Amino acid sequence: MYPTLRDTLEASAEKFPEKDAIVYPERDQRWSYAEFDERANRLANALSALGVEHGDRVSTLLYNGSEIILTVFACAKLGAVFNPLNFRLTAGEAEYILNDAGSSVLVFEEATRQAVERAKPDLDTVSEYVSIDGAEDDEHDFYELLESGDPARPTTTVEEEDLYAFIYTSGTTGRPKGVVHTHRDMMEHNLICIAEGGLRRDDIGLSALPLYHCAELQAALFPRIQLGATNVVVHEFEPTDVLSAIEEHGVTLLFAAPTAWNALALTQKEADFDLSSLRLGLYGAAPMPADVLDNCMEQLCESYLQAYGMTEIGPCGVFQHPNEQRSKQGSAGLPALNHEVRIVEPDADPETTLERGDIGEILFAGPCTMREYWNRPDATAESLREHAGKEWYYTGDLGYRDEDGYLYVVDRKDDMIISGGENIYPTEVEDVLFSHPAVTEAAVVGEPHPEWGETVVAYVVGETNAEELERYCTDSDDLADFKRPREYRFLDELPKNPSGKVQKFKLRDEE
């Protein structure tokens, strides 16, 4: 029988019982692997006493901390389904996910209490509320619950094809969908991340980006736990706190989005922490702009690994290795181990692969692909299609592969602008805008136009104005005139999902 997430923790606890597993300075916690495993047993048995059974959904509305890590492994011990929610969700958004998932237990903290209280009257299935700080009369205190649990390993049978989690997409196009992953998916994904990333047992990883998101949870934390590496956790991302944690704990691995890496590099330039322990920076959500990469290499560490993918495929399906960062700057990399990538005309058959250099929809076939979208059979059928014995995931992303097979992601299929019969990929325009020294963020969308079909509109964050950007784009050798923005709108910040991707549907809603 193939191992499960439960087995990964138990194996590391058996091999490295005294080694530091979880270090959480916020609560002055430092747990060995044996202590971590026992606490996961305790929480699992306590949840079982509350009525949680194999297949039941347990949700969290938590910032980073030992509590969310214990909860996911307690679920793994029981065969319950873990369902982490974004701690920034409003009551209505949380209500939608909790009802759609059919969750029976919700673990939350004081910082998310307001959303929980407002959602409570409309929650159909949640019967038990667990607070990690300041439980009220009708709630359970997390740490009292933990203390009450039996330290023995639960007797529940958990198998590789059992559901591990419902991870809801963060919504770049609308309502979130519950991505259903099995334990087998995570085992395959762990091994790929370990091999592609060159992770080591003596690594000390830092979880600074949200653990409710699949990138930090599944591509960073889980592989480290399977290896028996040490995991330091900060409550939320704040550049100075992250740099301080790297220095204090000798952190060797850190995952962050390019925008977060940029913030760290700019902060380090002024702060001068000792970051000599940091050997590898991992990033995703977007390619690293060349100037940001240069600054990070100078200020933080020299080696970076990019992963491209999405929640539905694990999330990592393509990797760009440290020695490819400069020579293939702008690319996502090559397909991950045991993954196949094809470029086809949007929605076309996987066999009709386009020529190298031609832009089309990106398709994946690999061992970590989701089972389905929960309660969304139509969306599942649209995204997962079997052909010649393989199941292909249609990403909705547009891209091409160069002569060496490296993947370049151009844009979202739904984001492509058609103006006067010409295809305009917003990323091309955004790259030119981003190269302006006063622009910190830029997003380009199409707006309906009576004559041209659509016209290009740019949303910009930065200390500049429309006249200056118009001159800059007109003078650029990298932007054809028909691709130039016809209107500029300035914002304090762009709406983003937890992985740092801009939610363009929110910009379109403002039009």
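A polar contact is a pair of N or O atoms within 3.5 Å. I keep that cut-off at hand for this predicted model.

**Entry 1: Glu160.** I looked up Glu160 and found the residue in the loop between α6 (142-148) and β8 (163-168). The side chain of Glu160 makes a polar contact with the side chain of Arg184, at 2.5 Å. I also noted the backbone nitrogen of Tyr2, 3.0 Å from a polar atom of the Glu160 side chain. Is Glu160 buried or exposed? Its relative accessible area is 17%, so Glu160 is buried.

**Entry 2: salt bridges.** Side chains of opposite charge can pair when their charged atoms come close. I counted 34 salt bridges. Glu139 and Arg113 form one, at 2.8 Å from N to O. Glu139 sits in the loop between β6 (128-131) and β7 (140-141) and Arg113 in helix α5, so the pair ties together parts 26 residues apart in sequence. Both Glu139 and Arg113 are buried. I then traced a network of salt bridges that includes Glu139, Arg113, Glu110 and Lys120.

**Entry 3: a longer link.** Which residue meets Lys504 in a salt bridge? I found Glu430, at 2.7 Å from N to O. Lys504 is in helix α15 and Glu430 in helix α13, 74 residues apart. Lys504 is buried at 6% relative accessible area, and Glu430 is buried at 13%.

**Entry 4: the surface.** I looked for charge on the surface and found a negative patch of Glu26, Glu236, Glu238 and Asp241. Asp241 belongs to helix α9 (residues 239-249). With 45% relative accessibility, Asp241 counts as partly exposed.

Key. Residues are numbered from 1 along each chain as its sequence is written. This is a predicted model: local features need pLDDT of at least 70, side-chain atom pairs count only at pLDDT 80 or more; totals for chains, interfaces and linings use all residues. Side-chain values use heavy atoms; hydrogens and water are left out. Patches are made of residues with over 30% relative accessible area and no salt bridge: like charges are joined within 9 Å, nonpolar side chains (Val, Leu, Ile, Met, Phe, Trp, Tyr) within 5 Å. Accessible areas come from the Shrake-Rupley method with a 1.4 Å probe; for residues, only the protein chains shown count as cover. A salt bridge is a side-chain nitrogen of Lys or Arg within 4 Å of a carboxyl oxygen of Asp or Glu. Lys and Arg count as positive and Asp and Glu as negative; His and the chain ends are not counted. The place of a charge is taken as NZ of Lys, CZ of Arg, CG of Asp or CD of Glu. Helices (H or I, at least four residues) and strands (E, at least two) are DSSP runs, numbered from the N terminus. Buried means under 20% relative accessible area, exposed over 50%, partly exposed in between (1.4 Å probe, protein chains only). A polar contact is a pair of N or O atoms within 3.5 Å; within protein, one must be able to donate a hydrogen and the other to accept it, and residues adjacent in sequence count only if both atoms are side-chain atoms.
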